[in-house]
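Hello,

Here is the model we talked about handing over. My notes on it follow below the structure.

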Amino acid sequence: MVTREDILILGLSAGVVGSLVGGLMLGIGMGLVIGGQHLGWLLLMPAAPVAGLIGYVQARRLAKRLN
C-alpha cells in the first residue's frame, strides 16, 4: 500500500531531480547557443520534457508497488 509519505517523497524527489537535470540542460544549452554553437539547441529544446519524464518514471515505479 502506498502511504502519504511515499507520495510526498515522490513529489519532492521528482521536483528536485527534475529541476536539477532540466536546469543543467537548459543552462548548458543556452551557453552553447549564445556562444554560437547551434548544437546547443539539442540540449535546450528537450530540457523541460526530460525534467518531466523523470517524475513520470518515478511515479510509474511507485505505481508498480500497488500491484
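H1 passes H3 in a right-handed crossing (right-handed if the near helix is turned clockwise from the far one by less than a right angle, left-handed if anticlockwise). The model is predicted: local features need pLDDT of at least 70 and side-chain atom pairs count only at pLDDT 80 or more, while totals for chains, interfaces and linings use all residues. Residues are numbered from 1 along each chain as its sequence is written, and side-chain values use heavy atoms, with hydrogens and water left out.

Helices here are DSSP runs of H or I with at least four residues, numbered from the N terminus. H1 covers residues 4-34 and H3 residues 47-64; their axes are 8 Å apart at an angle of about 155 degrees (axes are lines fitted to C-alpha atoms over the stretch in contact, angles run from 0 to 180 degrees between N-to-C directions). The two helices are therefore roughly antiparallel, a term for angles over 145 degrees.

Contact means heavy atoms within 4.5 Å. Residues of H1 that meet H3 include Leu10, Ser13, Ala14 and Gly18.

Gln58 sits in H3 and is buried, with a relative accessible area of 15% (buried is under 20%, exposed over 50%, partly exposed in between, with a 1.4 Å probe and protein chains only). Leaving out residues up to four places away in sequence, Gln58 touches Leu10, Ser13 and Ala14. A polar atom of the Gln58 side chain lies 3.2 Å from the backbone nitrogen of Ala14.

Val33, in H1, is partly exposed at 23%.

Regards

Conventions
Parallel < 35°, antiparallel > 145°, perpendicular 65-115°, else oblique. Polar contact = N/O pair within 3.5 Å; in protein donor to acceptor, adjacent residues only side chain to side chain.
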